[in-house]
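Hi,

Here is the structure I promised to pass on.

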Amino acid sequence: MLRDTWAEISLNRIRENMLNIRQSLPSSVKLMAVVKANGYGHGDIESATAAVRAGADYLAVAYLEEALRLRDAGMKLPILLLAPIRPEQVQLVLKFNLTLTVTSAKWFSEMRAYKPYASPGKLRVHVKMDTGLGRIGIRTKEEWDEILPWLRAEDVEVDGFYTHFATAGQADTDYLEQQAARFAQMMDWGHSSGLTIRHYHCAGSIAALRFPHLAMDMVRIGAAMYGFYPKNLACSVKLEPALSLHSRLIQVKKLAKGEYLGYNNSYRAEEDEWIGTVPIGYADGWSQRMQGTEVLIEGQRVPIVGKICMDQLMIRLPGPCAEGTQVTFIGQQGDHHITFAELAAHIESVAQEVSTSLGARVARAYTDIEEVRTRWDKQTWSNKINQAVI
Ligand SMILES: *Cc1c(COP(=O)(O)O)cnc(C)c1O
């Protein structure tokens with residue numbers, strides 16, 4: 001590690017979160033571990049490894065290049081691409097045995113130029129229904145009737161049929177119930193089509209933990225795997241964050257009352273003050289929206305002062321601290337704790353925006369990766385890893 005700014009990540013925490021979720025669900029419910037966006041910033045391959053250890057049955061990512069990274073690392077589980085691909089990429093999907101999300105007849109008709117009917121390989125697909133998020137998916141019975149003949153093809157396996165909720169984290173459950181009712185109607189289209197559809201699923205983390213009856217055949221767990229869950233909702237499953245973020249002072253100085261610091265003279269010392277410079281900035285994901293948040297040093301909360309720069313920021317110190325002193329941006333020092341929830345509230349977003357913003361420049365230090373690696377070959381789950389085909 002060449003720079004003193006690092007995210008400390010416990011893979012055991014990720015594994016335990018997933019084990020706890022696994023145990024809260026009926027054993028017939030399959031567990032899909034969502035490791036898109038570099039495992040929500042925690043490391044895609046590492047997080048996937050921890051999830052597999054906890055009994056995950058499927059992996060999911062948003063995009064093709066994310067899936068290829070997992071295959072390249074030797075991940076053998078089925079991988080669902082949550083976003084549709086371009087029709088001309090279909091051979092890549094076959095080559096790496098990926099599972100597609102499909103949303104239209106038009107996609108199939110264009111795709112057939114790249115995978116003619118008699119050509120080798122089976123396309124494994126999950127059909128995405130839009131029940132009210134308004135993002136991607138089939139909305140009407142007409143669209144379903146159009147896609148249906150394409151799904152009946154010999155070389156197409158309908159492995160799944162799914163939707164995604166818009167308001168799973170909100171106290172008011174009306175809209176979620178409407179979406180669930182709409183999905184139930186759509187599931188009837190699936191049932192009466194005569195197609196073999198292996199898995200019906202609708203729940204992400206919050207829906208899966210909050211409304212167990214929505215777990216259906218499979219749940220898609222992202223946020224909760226990393227320990228994120230809305231603070232205002234009760235959660236019966238024990239979840240702990242797996243990531244903390246730290247750096248070290250690279251310069252300490254005394255600013256006299258009235259002196260300025262930061263671009264645009266964005267801060268002026270109210271009195272004689274000790275100031276520390278920390279090597280983390282907006283290019284690392286600590287955006288200017290973090291202005292007004294605090295950090296921990298020597299067990300105390302102190303403010304970020306002045307505008308956050310690209311590579312550095314300044315903090316007001318409790319006193320003359322030594323250069324090299326550890327500064328914590330997320331996590332605990334003594335009795336104080338800076339939580340994802342607190343930072344997310346400050347930027348009016350969710351914990352996963354904070355964690356996925358952490359740039360590639362921030363080193364990831366895995367506190368217990370050796371433990372995961374050494375068990376890799378020994379445990380029964382290694383059979384599962386090896387069972388799928390590439
Ligand atoms: C990202 C994503 C998930 C995971 O959601 P979490 O709330 O992080 O568990 C599930 N389903 C779809 C379609 C997604 O895009």
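The ligand places an oxygen atom 2.5 Å from an N or O atom in the side chain of Ser-205. A second pairing involves the backbone: a polar atom of Ala-223 lies 2.7 Å from an oxygen atom of the ligand. On the nitrogen side, a ligand nitrogen atom sits 3.4 Å from a side-chain N or O atom of His-164. I use "polar contact" for a pair of N or O atoms within 3.5 Å; within protein, one must be able to donate a hydrogen and the other to accept it, and residues adjacent in sequence count only if both atoms are side-chain atoms.

Before going further: this is a predicted model, with local features needing pLDDT of at least 70 and side-chain atom pairs counting only at pLDDT 80 or more, while totals for chains, interfaces and linings use all residues. Numbering runs from 1 along each chain as its sequence is written, and side-chain values use heavy atoms, with hydrogens and water left out.

H2 and strand E9 (218–221) are the elements that give two or more residues to the shell. Helices here are DSSP runs (H or I) of at least four residues and strands (E) of at least two, numbered from the N terminus. Around the ligand there are 13 residues, of which Lys-36, Tyr-40, Ser-205, Arg-220 and Ala-223 come nearest; a residue is near if one of its heavy atoms lies within 4 Å. The shell splits into five nonpolar, four polar and four charged residues (nonpolar: Ala, Val, Leu, Ile, Met, Phe, Trp, Tyr, Cys and Pro; charged: Asp, Glu, Lys and Arg; polar: the others, Gly among them).

Now the annotation. The unreviewed UniProt entry lists Lys-36 and Tyr-263 under "active site". The two are spread over 228 residues of sequence and also in space, up to 35.1 Å between C-alpha atoms. UniProt positions follow the numbering used here, feature names are shortened, and annotations may be inferred rather than shown by experiment.

So how do the two sites look, buried or exposed? Lys-36 counts as partly exposed because its relative accessibility is 27%, whereas Tyr-263 is exposed at 56%. The cut-offs are under 20% relative accessible area for buried, over 50% for exposed and partly exposed in between, with a 1.4 Å probe and protein chains only.

Lys-36 belongs to helix H2 (residues 36–40). Setting aside residues up to four places away in sequence, Lys-36 touches Ala-60, Val-61, Ala-62, Glu-66 and Leu-82, where contact means heavy atoms within 4.5 Å. Tyr-263 is in the loop between strand E12 (260–261) and strand E13 (267–268). Beyond its neighbours within four places in sequence, Tyr-263 is in contact with Lys-307 and Cys-309.

Two backbone angles are worth a glance. Most residues other than glycine have a negative phi. Ala-37, also in helix H2, has a positive phi near 50 degrees and is partly exposed at 35%. Glu-298 has a positive phi too, near 45 degrees, and lies in the loop between strand E15 (294–297) and strand E16 (300–305).

Last one: Asn-12, in helix H1 (residues 11–24), counts as buried at 16% relative accessibility. The side chain of Asn-12 makes a polar contact of 2.9 Å with that of Arg-15.

Cheers
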